[in-house]
Amino acid sequence: VKMPRAALIVSTARTGLAKSFRGGFNNTHGAVLAGHAIKHAMSQAAIDPAKVEDVFLGCGMPEGATGMNVSRNAALWAGCPVTTSGTTINRFCSSGLQAIAMAAHSIIVDGVPCAVGGGVDSISLVQQKAFDPKSGVVESSLRSHPVYKALWMPMIDTADLVAERYGISREKQDEYSLISQQRTAEAQKKGLFDDEIVPLPTKMLVKDKETGKVSEQDYVVTKDECNRSDTTLEGLASLKPVNLDKNPKATVTAGNASQLSDGASACVLMEEKEVEKAGIQPLGRFDGFAVAGCSPEEMGIGPSIAVPRLLQRHGLKVDDIDLWELNEAFAVVSLYNMNALKIPLDKCNVNGGSVSIGHPFGMTGSRQVGHILLEGKRRGAKKVVVTMCIGGGMGAAGLFTVL
């Protein structure tokens, strides 16, 4: 695929990830989370905010506190002038990657000099309202279809189904989750996330256990707060599968699934000649993006269909890729897709992933892109791929070159 113009990622910034409902961002508006990430991505690239023509922001639940076209609002919160536009993108868990791809497309196809791609989600403030059946979220003819009814199947049910259907044991899921936790703990100790996380002071809601009274407290989210460095295999094995009461074969637990968390990430993209003119050292180049669909009930296998499509279009094989970020929506998803695609563990999610770090749906893709480019630089990697499964039965994959 020949591209006359090239879109380069020049900077990345994100919040730390805080536990949903009881963590530091449990009362922080989406425009603040995303605005913070955009503001610091721009200042890291040392660009004038007025240069950003458009902001593409992925959001898995673009309603409520992440509604009202949160991208436009976040751009203004970040200090962009009214001349900077913004659009909010939803393809569930790939929204952040989708946003970066669309920012790159705008640069390559439409002649945009500079755009932002990123993602945000506040599970704390939005999830319970967004998926309330009373809110008219269900369409009856699809809901009664034998295959499409799984569009409304809880993600954890799809993960249990993939584990059972493809013979991925509870033990394997727990072992993988332990590796994710250990890798994140090790990376934190080495400061490998410090270049991407910008602390955000906020007000957190705290409930008094005795009285039940809720009060506001000043709090600063300085790092990813979901992972547990003291995780053991015994501890993971002791957790009861979430669906055990309704499904005796259930294997997914709170320990081998991604964690509910809140946060935002943003990357600044610029056309190659603009980057040279500004004298900026870029992180990487956007090379391509592909999506693929599968049955909604086994949405977790999506990457195994999207990745071959992406690689084939670029004349590449799995072995040509130096580093992978394969979203850990559930441990079973990583295990299934690594096995199906023959991705070696030592090249995949090298600093842990959503099982340990957390997964604000629309933010994760952007976090993965920013992280894989920084980590790729540290390791001297060249070609890297970011991929994930997507609710509703899809996979997405993005190809980048580390510069």
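In these legends, a contact, or touch, means heavy atoms within 4.5 Å. The model is predicted: local features need pLDDT of at least 70, side-chain atom pairs count only at pLDDT 80 or more, and totals for chains, interfaces and linings use all residues. Residues are numbered from 1 along each chain as its sequence is written, and side-chain values use heavy atoms, with hydrogens and water left out.

**View 1. Ile-343 and its contacts.** Ile-343 touches Val-318, Trp-324, Leu-326, Met-338 and Cys-348. Residues up to four places away in sequence are not counted here.

**View 2. The whole chain, with 13 helices and 12 strands.** Helices (H or I, at least four residues) and strands (E, at least two) are DSSP runs, numbered from the N terminus. Along the principal axes, the C-alpha atoms fill a box of roughly 60 × 55 × 50 Å. The radius of gyration, taken over C-alpha atoms, is compared with a globule rule of 2.2 Å times the number of residues to the power 0.38. For 403 residues, a compact globule would have a value near 22 Å; the chain has 20 Å, which agrees. Of these residues, 58% count as buried. Buried means under 20% relative accessible area, exposed over 50%, and partly exposed in between (1.4 Å probe, protein chains only). Among contacts with a separation of 6 or more, 79% join residues 24 or more positions apart.

**View 3. The largest nonpolar core, with 37 residues.** A nonpolar core is a set of buried Ala, Val, Leu, Ile, Met, Phe, Trp, Tyr and Cys residues joined through side-chain atoms within 4.5 Å. Leu-311, Trp-324, Phe-330, Val-332 and Ile-343 have the most contacts inside this core. Several elements each supply at least two of its residues, including helix 6 (155-165), strand 9 (284-293) and helix 10 (303-313). Helix 11 gives the most, with 7 residues. A second, separate core has 35 residues, including Ala-37, Ile-38, Ile-47 and Cys-59.

**View 4. Helix 11 (331-341).** Helix 11 is largely enclosed by the rest of the structure, because 9 of its 11 residues are buried. Among them are Ala-331, Val-332, Tyr-336 and Leu-341. The cover over these buried residues includes helix 6, helix 7 (170-189), helix 10, strand 10, helix 12 (354-357) and strand 11. Just after helix 11, Lys-342 takes a positive phi of about 60°.

**View 5. Ser-122, in the loop between strand 5 (114-121) and helix 4 (123-130).** Ser-122 is buried, with a relative accessible area of 0%. A polar atom of its side chain lies 3.1 Å from the backbone nitrogen of Leu-125. Ser-122 also touches Thr-28, Leu-33, Met-61, Thr-66, Gln-127 and Asp-262, not counting residues up to four places away in sequence.

View 6. A disulfide is a pair of cysteine sulfur atoms within 2.5 Å. By this rule the count comes to 0. Cys-59 is in no disulfide; the nearest cysteine sulfur, that of Cys-93, is 11 Å away. Cys-59 is buried, at 0% relative accessible area. The sulfur of Cys-294 lies 8.5 Å from the closest cysteine sulfur, in Cys-389, too far for a bond. Cys-294 also counts as buried, at 17% relative accessibility.

Key: Polar contact = N/O pair within 3.5 Å; in protein donor to acceptor, adjacent residues only side chain to side chain.
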